[in-house]
Amino acid sequence: MTAILPIIVALGLLVLLAYRGWNLMIATPLLAALAVVLSQDGPVLAFYTQVFMRATGDFIVLYLPIFLLGAVFGKLMEASGSAAVLAHGTIRLLGARQAILAVVLCCALMTYGGVSLFVVAFAVFPLAAAVFAEARISPRLIPAAIALGAFTFTMTAMPGTPSIQNAIPMRFFGTTPFAAPGLGLIASAVMFLIGWRWLEWRAQRLGAELLETEGTPSDAISGGGPSAPIALFPLLVVLAVNLAFTFAILPRVDTGWLGDPRFGAADLDTVRGIWSLIAALTLACATILILNWTRLKEQVRSALGEGADSAMKPIFNTACLVGFGSVVAALPGFAAVSAAATGLGGDNPLISLAVSTSLLAGMTGSASGGMSIALAALGDTYLEMATAAGIAPELLHRITAVATGGLDTLPHNGAVISLLAICGRTHRESYPDIAVVAVAGPLVALVMLIVLGSAFGSF
């Protein structure tokens, strides 16, 4: 217990500082240093340069293209007016009577298509405010409705989603973005139904409340936008190209040269997922530019620059969390934690994988950060355990991704704090509903996923 105490103290302070809005690039190295000092396990500078910075840099090297292209794609969708058109069209199609469903599906459509959840929140909130007011639904529920569509099933469970949470397991398990598609769809349905029905029930309980709208659907696209089919087409490009590269194009290409030491002596399985996402997002960005050139030609440089800039803080924050976790993983107390985690579930590694990944995601307040820490420390162990038990790597992939999407959305999560700020709500007003749709719902889906995966395997 004494060896674990420094880890508990450092993680507790990380949660507190993140909740209070501290910059994670400052907080994580300081708290990693504190954990080393309390553990009395070695020189602080050695841990900083040889462990923290190496892990931080490795994460950036591996995933910068996904963060960068995803942010640029989202900015182009916003600048072209496509994001607002999709939001307005979805809400108008379903009508005010289905205001909650409209907001959830609108967010899900855009995030599944590769639009950044921050862009989605900014684009959807004014429209959600207007339609909630028309439907006489409490504005307290707007953050939870956006969170359900953007933070849950489209982030971790839907097969083929271009999210970083769906990309990270590919490197460790040699899988693709479409790993365990049937199980992913079932988990998605569970998250969606639990969240949607909860919000509908809460809307009836709360009744109408005063709502200060910040715009109307017509205001949101007053600058002129593309037609709905043109706005939707880049999202379809992301999905179609991702699917084509994963299963049709790359498997037919001679990639024997990847075994060259210059390329890390790799093979296709280690790069197929990342390459597919890079190709999909790149072609989708080009599609937006081609279809919206008259609207974007005066602001292409600024849109690309702003998109690239907006990718930097998320990737550096997440990478620093990974660096912090790597320091924690190198301390003596982590060995005891790892032994306890891997011992859970008996002969079923899916249970210990889910628990350890969930806990680390919750501790760091980051799905991708917690996942990277867990897999870097224990990924090979879980793969060996799964192979011995006859469990497919695709099932490990989907369990890992879904496991990160529950406890990560605790109050100190950066996306939660940003969402509440965008919607003008406090934790006291809106977080309990966020907790149900983005924490409880995904945890129920995770349990069901483990049960089905253990009984029927990957499908």
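Five salt bridges are found in a search of the whole structure, which is a predicted model. One of them pairs Lys 75 with Glu 306, with 2.9 Å between the closest N and O atoms. This pair links distant parts of the chain. Lys 75 lies in helix H3 (residues 44–79) and Glu 306 in helix H15 (residues 300–330), 231 residues apart. Lys 75 is buried, at 18% relative accessible area. Glu 306 is partly exposed, at 42%.

Asp 260 and Arg 262 form another salt bridge, their closest N and O atoms lying 3.2 Å apart. Here Asp 260 is partly exposed, with a relative accessible area of 24%. Arg 262 is exposed, at 68% relative accessibility.

A salt bridge also joins the side chains of Arg 425 and Glu 429, at 3.6 Å from N to O. Arg 425 is buried, with a relative accessible area of 16%. Glu 429 counts as partly exposed, at 28%. Elsewhere, Lys 75, Glu 78 and Glu 306 belong to one network, joined by salt bridges that share partners.

The disulfide count is zero. The sulfur of Cys 106 has its closest cysteine sulfur in Cys 107, 5.5 Å away, so the two are too far apart for a bond. The cut-off is 2.5 Å. Both cysteines are buried: the relative accessible area is 1% for Cys 106 and 0% for Cys 107.

Ser 368 is placed in helix H18 (residues 367–389). Ser 368 is buried, at 4% relative accessibility. Beyond residues up to four places away in sequence, Ser 368 touches Ile 164, Gln 165, Ile 168 and Thr 318.

Note on methods. Residues are numbered from 1 along each chain as its sequence is written. This is a predicted model: local features need pLDDT of at least 70, side-chain atom pairs count only at pLDDT 80 or more; totals for chains, interfaces and linings use all residues. Side-chain values use heavy atoms; hydrogens and water are left out. Buried means under 20% relative accessible area, exposed over 50%, partly exposed in between (1.4 Å probe, protein chains only). Helices (H or I, at least four residues) and strands (E, at least two) are DSSP runs, numbered from the N terminus. Contact means heavy atoms within 4.5 Å. A salt bridge is a side-chain nitrogen of Lys or Arg within 4 Å of a carboxyl oxygen of Asp or Glu.
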